[in-house]
Amino acid sequence: MTSSARPLLNRRLAEFGTTIFAEMSALALRTGSINLGQGFPDTDGPEEVREAAVRALRDGRGNQYPPGPGVPELRAAVAAHQERRYGLVHDPDTEVLVTAGATEAIAAALLALVEPGDEVVAFEPYYDSYAACIAMAGGTRVPVTLRPHEGSFRLDLDELRAAVTDRTRLLLINTPHNPTGTVLTRAELTAIAELAVERDLLVVTDEVYEHLVFDEAEHIPLATFPGMRERTVTIGSAGKTFSFTGWKVGWITANGPLVSAVRTAKQYLTYVSAGPFQYAVAEALQLPDSYFDGFRTDLRRKRDLLGDGLRAAGFEVYQPQGTYFITTDITPFGEKDAYAFCRALPERCGVVAIPNSVFYDDPDAGRSQVRFTFCKKDDVLQEAADRLRRLAS
């Protein structure tokens, strides 16, 4: 018999319940609302990539356990992508590791590299798995808050420097940043790199939205900066770039010792995954630049379509430079509690969104912020914008 005196859930995870995405997606289904909360596209990615997966299945490639580090074709394609796009050279046999999406990559990296009691500095608001993975590793998360500034969110470098102590082991960086859409500038990345080298810190950098940057923003991998190649674990993902989020194909690139360390943890998580899909993603990474350019252009147009609708409805809109999320503020409606606002929004307008307060250690920091995703069909975004205009009446 289980003792009633001791909680079943261990204390490291006691603060975490059902994710906000599960809660809000269930609310969308129950109310028949348009789901602009969870970031998944409502259309599939390129037909040739899907057919590559079918071909792999039919040819019997990946139907049994693939190699632990990932199939050689995908590891080679990841290495070629990093070199072609950024000039980063990696040995596909020792410096690339395939994971079950970026979420497993984050978990494996933190479990491998963080000792109990180590401090991990991360930018908040942060993707919810960051906090949970730091907790599972026994680390202590130290938030550095991105704050609204002139219509977007920016990093305070002085605050970042002050957050680093003798107990800091690792910086967890996300650019382009979910949920704010911030893309770190070359100057900001230079300062982060200099800090990491000066304090001898490891860095895990989540770059899954690397191909979704808009306007004048530029994605620059942190590993390209002086002194960073040997201390940085870079995380990528097929889901966000090719609109096959259900395939759960991610990867890390790093130097050999870091990859070996992360692989040690990863092999006891999923061990392997997504066998046939790995072959398809290998082909996807070799698509011409026209695909990536067209995808980015299409998402920028969708961003503007939804952003214009949100402004017309009365939201304060923070213009994202990347990702496929828009953060808004509900203060113009005379409201301050984003969680309550999002719980009521389906009944008011038939639209589901995510309260940003769940992405902060201090919920008051994002109390009035609401996130919407724009990776949906144009007619869905237009219908959502029309429904949201009821708030303005």
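The model is predicted, so local features need pLDDT of at least 70 and side-chain atom pairs count only at pLDDT 80 or more, while totals for chains, interfaces and linings use all residues. Residues are numbered from 1 along each chain as its sequence is written, and side-chain values use heavy atoms, with hydrogens and water left out.

**Aromatic rings**

- A pair of aromatic rings is described by the distance of the centres and the angle of the planes.
- Rings of Phe, Tyr and Trp (its six-membered ring) pair if their centres lie within 6.5 Å; planes under 30 degrees apart count as stacked, over 60 as edge-to-face and the rest as tilted.
- By this rule there are 19 aromatic pairs.
- Phe 242 and Tyr 291 are stacked, because their ring centres are 5.7 Å apart and their planes stand at 20°.
- This pair links distant parts of the chain, with Phe 242 in helix 8 (residues 238-242) and Tyr 291 in helix 11 (residues 289-313), 49 residues apart; helices (H or I, at least four residues) and strands (E, at least two) are DSSP runs, numbered from the N terminus.
- Phe 242 and Tyr 291 are both buried, where buried means under 20% relative accessible area, exposed over 50% and partly exposed in between (1.4 Å probe, protein chains only).
- Tyr 291 and Phe 292 have ring centres 5.3 Å apart and planes at 75°, so this pair is edge-to-face.
- One aromatic cluster is formed by Phe 21, Tyr 127, Tyr 130 and Phe 359.

**Charges over rings**

- The charged end of Arg 61 sits over the ring of Tyr 279, 4.7 Å from its centre; the rule requires NZ of Lys or CZ of Arg within 6 Å of the ring centre and within 35 degrees of the ring normal.
- Arg 371 lies over the face of Phe 325, at 3.7 Å from the ring centre.

**Arg 231 and Asp 200**

- Arg 231 lies in the loop between strand 8 (202-206) and strand 9 (232-237), and it counts as buried because its relative accessibility is 11%.
- Asp 200 lies in the loop between helix 7 (186-198) and strand 8, and it is exposed, with a relative accessible area of 58%.
- The side chains of Asp 200 and Arg 231 make a polar contact at 3.2 Å; such a contact is a pair of N or O atoms within 3.5 Å, where within protein one must be able to donate a hydrogen and the other to accept it, and residues adjacent in sequence count only if both atoms are side-chain atoms.
- The side chain of Arg 231 also reaches the backbone oxygen of Leu 201 at 3.0 Å.

**Helix packing**

- Helix 11 and helix 13 (residues 378-388) pack at an angle of about 10°, with their axes 8 Å apart; axes are lines fitted to C-alpha atoms, for helices over the stretch in contact, and angles run from 0 to 180 degrees between N-to-C directions.
- Helix 11 is therefore roughly parallel to helix 13; angles under 35 degrees count as roughly parallel, over 145 as roughly antiparallel, 65 to 115 as roughly perpendicular and the rest as oblique.
- The axes of helix 4 (residues 101-113) and helix 9 (residues 256-266) come within 8 Å and cross at roughly 105°, so these helices are roughly perpendicular to each other.
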